[in-house]
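Subject: The structure you asked about

Hi,

Here is the structure to look through before we next talk. Open it first, then read on with it beside you.

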Amino acid sequence: MVEFKLPDVGEGMHEGEILKILVSPGEAVHQDQPVIEVQTDKVNAELSAPVTGVIKEIRIAEGDTVEVGTTLLVIDTGTETSESKTVVAPEGKPGEKIEAPSTSRPVTVTPLAPRALATPYVRQLARELKIDIEKVSGTGVAGRVTEEDVRNYVAGTTSKAAKRTIAPAIIKETIPSVSEKAPTLTVSSTTANAQIERIPIKGIRKKIAEHMTKSVTIIPHVTSVDELEMDQLRGLREQMMPLATKRNIKLTFLPFFIKALVIALKEFPVMNASIDEATNEILLKRFYHIGIAADTPDGLIVPVIKDADRKSIFQLADEITTLAQQARDGKLSMEQITGGTFTISNVGPIGGLQATPIINHPEVAIIALHKMEKRWVVREDEGVIRWMMNFSLSFDHRLIDGVTAVRFTNRIKELLENPTLLFAEMV
């Protein structure tokens, strides 16, 4: 017998939600055959059988959230009779083969094949309503199945069933007399509770909540706000648009911000650092991995552009588009969402004038970009209209003083308001 336990398919994951069990008791399986789909707080993954045998026992159920090391399946290999072996895979990344220490068999963790996109809550709802979510057409972003899609699917199924099984009946409508006394409206506690929807905090949302709590608990945040004049940068972008379109690249302002940010980070290394709380040391990082916060139906995901200082404006633009779409589709790998040294949060397309962005621990600063709009400003003692944008910098006050933070944002401002200077200093 072999006990197959939940491995760590991500960096330091503690638990995972069982999305789907692909085998049944008594079913013969072969090594590397997919047996379970699991969702961690960061990625979805498919677990494969570590050995060839027969499924003797399934110890979990779909929808369960189990900790790493929990026995998922017991597989009868037909070679042992009295004592069970266990398979506990060491840490690994999706796509890697992990050698299980208790047997010579490998455990394969692979990204999931294309499947219906939905949040854990919606999947749970589908299971409770006993419908196959793979049959539901999604109307959300990137075809994601929403709660409304599930409920509409159930309503449609129920309606069809009713038409098949319920005999036609004469419906007698009774209209109450206007002289009747109006009934007293009483809201019982049961009714009130029925109007409250309870949603478990789990999966990605749970991880976000834990990470944000840790950040604000450990880091003394200070936020500085400044504004940018964007007219020259808008003009440069307009000039570059035909070439970007020709290369099928979506050119936004974000790549320019990243290049300006990297130049400033090299001049202010303390902004591209972290603090080792265990040793009370400052870690200055000589690489520039920029996280870009992406809004997804499952919550805020921060894919990371690695070595941003070595990439061109067009390369950055192309990578931003790819990562954002993968984030919305839930297809990012662990490698793509870890290792950042500084984060940019761009809420400008939605709106907002300023914010207090929460630092992505263990980083020490984060910038949020806000709405771009035309404003009256004074230039050379005259009122003129300019394209303006606010940006907010939150920084770790344990490491960064206010003066340093303002000098840092002044440098970014200088580069973006004078794109010729930006290109002159770009490497």
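Among contacts in the protein chain between residues at least 6 apart in sequence, what percentage join residues at least 24 apart? It's 62%, where contact means heavy atoms within 4.5 Å.

Some ground rules before the rest. This is a predicted model, where local features need pLDDT of at least 70 and side-chain atom pairs count only at pLDDT 80 or more, while totals for chains, interfaces and linings use all residues. Residues are numbered from 1 along each chain as its sequence is written, and side-chain values use heavy atoms, with hydrogens and water left out.

**The chain as a whole**

The protein chain has nine helices and 20 strands. Both are DSSP runs numbered from the N terminus: helices are H or I with at least four residues, strands are E with at least two. Out of 427 residues, 44% count as buried. Buried means under 20% relative accessible area, exposed means over 50%, and partly exposed is in between (1.4 Å probe, protein chains only). The accessible surface of the chain is about 22,900 Å², and 53% of that belongs to carbon and sulfur atoms. Those areas come from the Shrake-Rupley method with a 1.4 Å probe, and for residues only the protein chains shown count as cover.

**The cores**

A nonpolar core is a set of buried Ala, Val, Leu, Ile, Met, Phe, Trp, Tyr and Cys residues joined through side-chain atoms within 4.5 Å. The largest one here has 61 residues, and I258 and F408 have the most contacts inside it. Helix 6 gives the most to this core, with ten residues. A second, separate core has 20 residues, including I21, V23, V51 and I75.

Back to I258: leaving out residues up to four places away in sequence, I258 touches I290, I292, I305, A308, L316, I320 and I344.

Helix 6 also holds K266. K266 counts as partly exposed because its relative accessibility is 37%. With residues up to four places away in sequence not counted, K266 touches Y288, D309 and V427. The C-alpha atoms of K266 and K285 are separated by 9.6 Å, and the two residues are 19 apart along the chain.

**Helix 7**

In helix 7, the buried residues are I313, F314, L316, A317, I320, L323, A324, A327 and D329. Their cover includes helix 5 (231-246), helix 6 (254-267), strand 15 (290-296), strand 16 (299-301), strand 17 (304-305) and helix 9 (419-425). After the helix comes G330, with a positive phi near 70°.

**Salt bridges**

There are 19 salt bridges in the structure. Each one is a side-chain nitrogen of Lys or Arg within 4 Å of a carboxyl oxygen of Asp or Glu.

- E277 pairs with R398, with the closest N and O atoms 3.4 Å apart. E277 is in the loop between strand 13 (273-276) and strand 14 (281-284), and R398 is in the loop between strand 20 (382-396) and helix 8 (402-417), so this pair links distant parts of the chain, 121 residues apart. 
- R398 also meets D396 in a salt bridge (2.7 Å, N to O). D396 counts as buried because its relative accessibility is 0%, while R398, at 38%, counts as partly exposed.
- E335 pairs with K306, and their closest N and O atoms are 3.1 Å apart. E335 lies in the loop between helix 7 and strand 18 (342-346) and K306 in the loop between strand 17 and helix 7, so the pair ties together parts that are 29 residues apart in sequence. E335 is partly exposed, with a relative accessible area of 41%, whereas K306 is buried at 18%.
- E3, K5, E57 and R59 are linked in a network of salt bridges.

**Strand 2**

Strand 2 (residues 15-21) is largely enclosed by the rest of the structure, because five of its seven residues are buried. Two strands pair if DSSP finds at least two bridges between them. Strand 2 pairs with strand 7 (residues 65-67) in the antiparallel sense over three bridges, and G16 stands opposite V66 in strand 7. Strand 2 also runs antiparallel to strand 4 (residues 34-39), joined by four bridges, with E17 opposite Q39.

Cheers
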